Amino acid sequence: MKNRLAIFFLFSVTLLLSACTLWREHPASSKWTDATGGEGLERSFWKEVKDKKWSELEHHIASNYVAVSAQGGRLDKAAAVAQIQQLQLDDYTLGDVQAEMNSDTFVVTYTIAMRGTFAGQPLVTESLRMMTVWQKQNAGWMAIAHSVLGPESK
């Protein structure tokens, strides 16, 4: 009886855990105008990075953009774009996305798991915490600040 109960329990747990990957992530729209809310802006941003659409991506990064990370320190727009262009994304997944709107600004925090290379070196396998600040301007939604907060705490 205990064996049957244990097998049932293991089967149930396995079934539940596999359900987490049963449904594929919705593809991000490549049209920035279709992005609704902070999560949509982030998904559009990362889709452009994966597709290497650099000029389109730069249209959505403000001229006074600031990025901060533990490895790269403080980067302006030109340095940040140059760094992003070294990224070869094979796949990525956004998770735990939270967006707070304040007037014409979104603050978006999320985790990202990436597969690919950076400057020819394999990317870390653990998810990273990130934060982006988006602001509505005459030209549309613009990223004005971004921070890589480090590995996701378990």
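1. Which residue in the turn between S4 and S5 has a positive phi? Ala119 does, with a phi of about 55°. The turn belongs to a hairpin of S4 and S5, with two residues between the strands. Please keep in mind that this is a predicted model.

2. The S4–S5 pairing itself is antiparallel and consists of two bridges. S5 covers residues 121-122. Opposite Gln121 in S5 stands Phe118.

3. S4 also pairs with S3. That pairing is antiparallel and runs over 13 bridges. Leu94 has Ile112 of S4 as its bridge partner. S3 and S4 form a hairpin, again with two residues between them. Ser103 sits in that turn and has a positive phi of about 60°.

4. S6 is another partner of S4. Eight bridges join S4 and S6 in the antiparallel sense. One of the facing positions is Val108, which stands opposite Thr132 in S6.

5. Next, the core. The largest nonpolar core has 28 residues. Those touching the most other members are Phe45, Trp46, Val49, Leu89, Ile112, Met114 and Trp134. S4 gives the most, with five residues. In soluble globular proteins, nonpolar side chains tend to be buried together.

6. The aromatic rings come next. The model holds three aromatic pairs. One of them joins Phe45 and Trp46. Their ring centres are 5.4 Å apart, and the planes make an angle of 80°. That geometry is edge-to-face. Both Phe45 and Trp46 are buried.

7. Phe45 also pairs with Trp134, again edge-to-face. Here the values are 6.3 Å centre to centre and 75° between the planes. The pair links distant parts of the chain. Phe45 lies in helix H2 and Trp134 in strand S6, 89 residues apart. Through ring pairs, Phe45, Trp46 and Trp134 are linked into a cluster.

8. The cut-off for buried is under 20%.

9. Two further backbone positions need a check by eye. Most residues other than glycine have a negative phi. Lys52 is not a glycine, yet has a positive phi of about 60°. Lys52 lies in the loop between H2 and H3. At 35% relative accessibility, Lys52 is classed as partly exposed.

10. Asp96 also has a positive phi, near 50°. Where is Asp96 found? Asp96 is in strand S3. Its relative accessibility is 45%, so Asp96 counts as partly exposed.

Notes. Residues numbered from 1 in each chain as written. Predicted model: local features only at pLDDT ≥ 70, side-chain atom pairs only at ≥ 80, totals over all residues. Heavy atoms only, no water. Core = buried A, V, L, I, M, F, W, Y, C linked by side-chain atoms within 4.5 Å. Buried < 20%, exposed > 50% of the residue type's maximum accessible area, 1.4 Å probe, protein only. Helix = DSSP H or I, 4+ residues; strand = E, 2+ residues; numbered from the N terminus. Pairing = 2+ DSSP bridges. Phe/Tyr/Trp six-rings, centres within 6.5 Å; stacked < 30°, edge-to-face > 60°.
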